[in-house]
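Keep the viewer open and follow along.

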Amino acid sequence: MNNINKKIFGIWLYFITDFIMFLCFFISFLVSKNSFYLVNKFFNNRTIVLETIILLICSFLTIKYIKKNKKKYLILIILNSIFFLILEYKDFIHLNKLNLCFNYNNFFSNYYSIICFHALHVILSIFFCINIFFLNSLKLNFKIINIMYSLFWHFIHIIWLCLIFIIYLKKY
C-alpha cells in the first residue's frame, strides 16, 4: 500500500472509530432514564441555530480552501471555530448558574460528555488548521491532507446535526 492509500485508510479508520465512540455516547444518552422534562427551557434555540450555522460555514470554507488554496479561508475557519467554542462555553456557564452541572442527574452527565467530546474535536480541528496553515506557508503541496481536513470538518458537522436531533429536538 503506498503512502497516500495509507493516509486515506487511516482517516477512514479514524472516522469509523470516532463514529463508534459518538454512537456509544448517543446510546448512553438515549437509554438513560430521563425524568428531566423541562430541558427545552434551559437551552437557547437561537444559540443552537447560530452554532449550526457556524459549523456549516466552516465546512463550506474547507471546500473553498481546497479549491482556491488561500490562507484567508484557514483564518476564517479558525475564527469561526473559536467563536463556536465560546458559544459552547457560554452555554456551560449558563447551565452552571442554574446549578445544572454534570453531576446533577444522568441527563446532564451524558449531555456534558457528548458536548465536551464534540468540542474536543473542534479544538483538534483548530490545531489541524494551524498545522495546515504553516505547512502551506512552506510552499509544500499537501492536497490529500487538505482533503482529509475537509472530510474531518464534514464529520464534525454531521455529528453536530446528530447532537441537535438527539439532544435538543428530542421530545422528553
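This is a predicted model: local features need pLDDT of at least 70, side-chain atom pairs count only at pLDDT 80 or more; totals for chains, interfaces and linings use all residues.

Residues are numbered from 1 along each chain as its sequence is written, and side-chain values use heavy atoms, with hydrogens and water left out.

**Fold.** The protein has six helices and zero strands, and along the sequence that reads α-α-α-α-α-α. Helices here are DSSP runs of H or I with at least four residues, strands are E runs of at least two, and numbering starts from the N terminus. Of the 172 residues, 41% count as buried, where buried means under 20% relative accessible area, exposed means over 50% and partly exposed is in between, using a 1.4 Å probe and protein chains only.

| Pair | Axis distance | Crossing angle |
|---|---|---|
| H3 (residues 45–68) and H6 (residues 143–168) | within 9 Å | roughly 165° |
| H3 and H4 (residues 71–97) | 9 Å | about 165° |
| H4 and H6 | within 14 Å | roughly 25° |

The angle of H4 to H6 makes that pair roughly parallel, while H3 is roughly antiparallel to H6. H3 and H4 pack at an angle of about 165°, which makes H3 roughly antiparallel to H4. The cut-offs are under 35 degrees for roughly parallel, over 145 for roughly antiparallel, 65 to 115 for roughly perpendicular and oblique for the rest.

As for handedness, H3 passes H4 in a left-handed crossing, and the crossing of H4 and H6 is left-handed. H3 also passes H6 in a left-handed crossing, and the residues of that contact divide into 15 nonpolar, seven polar and two charged. Left-handed means that the near helix is turned anticlockwise from the far one by less than a right angle, and right-handed means clockwise. For the classes, Ala, Val, Leu, Ile, Met, Phe, Trp, Tyr, Cys and Pro count as nonpolar, Asp, Glu, Lys and Arg as charged, and the others, Gly among them, as polar.

On H3 you'll find threonine 52, which is buried with a relative accessible area of 13%.

**The largest pocket.** About 210 Å³ of space lies in there. A pocket is an open set of points on a 1 Å grid where a 1.4 Å probe fits, with protein on both sides within 12 Å along at least five of seven lines, and lining residues have an atom within 4 Å of a point.

Which residues line it? Ile11, Tyr14, Phe128, Asn131, Ile132, Ile145, Met148, Tyr149 and Phe152 do. By class, that lining has eight nonpolar, one polar and no charged residues. Helix H1 (3–31), helix H5 (106–137) and H6 each supply at least two of the lining residues, and H6 gives the most, with four.

Isoleucine 11 belongs to helix H1 and is buried, at a relative accessible area of 15%. Isoleucine 11 and isoleucine 145 are 134 residues apart in sequence and 9.9 Å apart in space, C-alpha to C-alpha.

Terms used. Axes are lines fitted to C-alpha atoms, for helices over the stretch in contact, and angles run from 0 to 180 degrees between N-to-C directions. Grid points are joined across faces, edges and corners, and a volume is the space filled by probe spheres set on the points.
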